Amino acid sequence: MSQQTATGADTKAGGQAVDPRRWLALMVIAIAQLMVVLDGTIVNIAMPSAQADLGISDANRQWIVTAYTLAFGGLLLLGGRIADYVGRRRIFLIGLIGFAVASALGGIATNAGTLFAARALQGVFGALLAPAALSLITVTFTDVKDRAKAFGVFGAISGVGATIGLILGGVLTEYTTWRWCLLVNIPIALAAFALALPIVRESKAHGNTRYDIPGTIMATGGLVALVYAFTKAAEDSWTSPVTLGFFAVAAVLLVGFVVFESRTSHPLLPLRVVLHRNRGGSFLVSVLLGAGMMGMFLFMTYYFQGTLQYSPLRSGIAYLPFSLALIVTAMVASSVLPKVGPRAMMSVGGLLATAGMIWLTQLRIDSSYLTLMLPALVIMAVGMALVFVPLGNTSLTGVDNHDAGVASAMVNTTQQIGGSLGVALLNTVFTTATTSYITENGPASAALGAVHGYNVAFTVSAVLLAASTVLTFLLIRNTRQNTVRDGESDEATALAPVHVG
């Protein structure tokens, strides 16, 4: 039997205190994680309705996605530092309330600017909430076996939550309004907040607590300028002075970020984390995968609802095979990975994902879901799972414990940033291709022009996925020194969950 400490906490054989309410705390953290995951897939299904209701142009609709992903990805590393220094429980609570307020703002938005601002605000508070939740699991579950189970639950919520979001988004959009796809976050956040107050314990890091504010501003500002340059390219042209000007600003800020990080004593992103061959290769692969896949979700949603005239609910159901195939393949791949190694598994996965995307380039105005879209989605899901399962390991190979949190967060950061850039680029490609097609063939060809634009965008997506596969083959190695060291894998790998959609 376990002994009781003076604080009422159980103790293990080693004498380390164990929170007796740790499983209740996990339930609260899981509710918060479910809200964040639901938000991504729910909004995906609601985008066509929101665009039509608020009169958002095709060139600007990508900000519904990128306003969130840019803020989230660009501030995630800083959010982790803030949670560690200010207090993980405190930032977790602030993140919940802030996410609820931002969701309310988006739900009552009457114009595009307000919706975009609300989505960006969701990203800001998401960047506080996500690392705080992960850190709380780490400090709450001090027993290795308990921690492994806790992270297993956390990962399952991520996968299942995305699937639930597809269906819930379809139901809410079809039977109420797209606004409830944002407003639904409010009761979830408030419930998690009320439960967290008496259950979740406070913890914080001590010692040096300096923040890299200049690095954060340069990195986030550079990414925003780059995405805006893509948007202006769709509205004006690739060679317009405004477009080239934003590209120049993005280049200056991002190069400045790298130079600053190499010289500051407290970098947001220590360059030693990304200059390792396996880790750097993993982060590049993550960026390209995010870029290729996020665009697919955007355009398939518009194809389902705009071209095939699917209802929002039917559109959500159409994605279910993708989610299920991803979950099943991930479970199988986890057991196979030690036998085949990350390089082989990721290379095969990249080839499958690329093949599935190439398959989608054959879309027609009346394509069959069963014979064209379903096989392509399943093939892509299998491929993505084969890449994502080893990605958490290869991104942490050889990393010191001091850098484990940054390295693990970089997987999510690079995927979000890749998604932001990919959606902006592919939306510009789509808009340009569609406009050119309609100009050549007349206004009556608008529907055919849209399908042509989807196929061109999917072709670019396939190129991005193929590039990620080449990088995997060239950079990822299976040697012992390039694997996560014993004692690091349980905790560090668990800190790098990957979200899709």
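A pocket, as the word is used here, is an open set of grid points with protein on both sides within 12 Å along at least five of seven lines. The structure discussed is a predicted model, and its second largest pocket has a volume of about 640 Å³. The lining of this pocket comprises 26 residues, and those closest to the pocket centre are Phe-257, Leu-269, Met-410, Thr-414 and Ile-417.

At least two residues each come from helix H2 (63-86), helix H8 (213-235), helix H9 (241-263), helix H10 (271-275), helix H11 (277-307) and helix H15 (404-441). The most is given by H11, which supplies six residues. Sorted by class, 20 of the lining residues of the second largest pocket are nonpolar and six are polar, while charged residues are absent.

Searching the whole structure gives two cavities of 30 Å³ or more, and the largest cavity has a volume of about 70 Å³. Its lining is made of Val-43, Ala-46, Met-47, Ala-50, Ile-64, Leu-115, Arg-119, Trp-178, Cys-181 and Leu-182. Helix H1 (22-54), helix H4 (112-140) and helix H6 (180-183) are the elements that give two or more residues to this lining. H1 gives the most, with four residues. Nine residues of the largest cavity's lining are nonpolar, none is polar and one is charged.

H1, which lines the largest cavity, and H11, which lines the second largest pocket, also pack against each other. Their axes are 9 Å apart and the packing angle is about 60°. Angles from 65 to 115 degrees count as roughly perpendicular and those under 35 as roughly parallel, so H1 and H11 are classed as oblique to each other. The crossing of these two helices is right-handed. From H1 the contact takes Asn-44, Ile-45, Met-47, Pro-48 and Gln-51, which meet Phe-297, Leu-298, Thr-301, Tyr-302 and Gln-305 of H11. This contact of H1 with H11 has six nonpolar and four polar residues and no charged ones. Met-47 takes part in this contact and is also among the residues lining the largest cavity.

H3 passes H7 in a left-handed crossing. On the H3 side the contact residues are Arg-89, Phe-92, Leu-93, Leu-96, Ile-97, Phe-99, Ala-100, Ser-103 and Ala-104, and on the H7 side they are Asn-185, Ile-186, Ala-189, Leu-190, Ala-192, Phe-193, Ala-196 and Leu-197. By class, the contact of H3 with H7 has 14 nonpolar residues, two polar and one charged.

The last pair is helix H12 (residues 312-340) with helix H14 (residues 369-394), which pack at an angle of about 35° with axes 7 Å apart. H12 passes H14 in a right-handed crossing. Among the contact residues of H12 are Pro-321, Phe-322, Leu-326, Thr-329 and Leu-337, and those of H14 include Tyr-369, Leu-374, Met-380, Met-384 and Pro-390. The contact of H12 with H14 has 20 nonpolar residues and two polar residues, with no charged residues.

Conventions:
Residues are numbered from 1 along each chain as its sequence is written. This is a predicted model: local features need pLDDT of at least 70, side-chain atom pairs count only at pLDDT 80 or more; totals for chains, interfaces and linings use all residues. Side-chain values use heavy atoms; hydrogens and water are left out. On a 1 Å grid over the protein atoms alone, a cavity is a set of points where a 1.4 Å probe fits but cannot get out, and a pocket is an open set with protein on both sides within 12 Å along at least five of seven lines; lining residues have an atom within 4 Å of a point. Grid points are joined across faces, edges and corners, and a volume is the space filled by probe spheres set on the points. Ala, Val, Leu, Ile, Met, Phe, Trp, Tyr, Cys and Pro count as nonpolar, Asp, Glu, Lys and Arg as charged, and the others, Gly among them, as polar. A crossing is left-handed if the near helix is turned anticlockwise from the far one by less than a right angle, and right-handed if clockwise. Contact means heavy atoms within 4.5 Å. Axes are lines fitted to C-alpha atoms, for helices over the stretch in contact, and angles run from 0 to 180 degrees between N-to-C directions. Angles under 35 degrees count as roughly parallel, over 145 as roughly antiparallel, 65 to 115 as roughly perpendicular and the rest as oblique.
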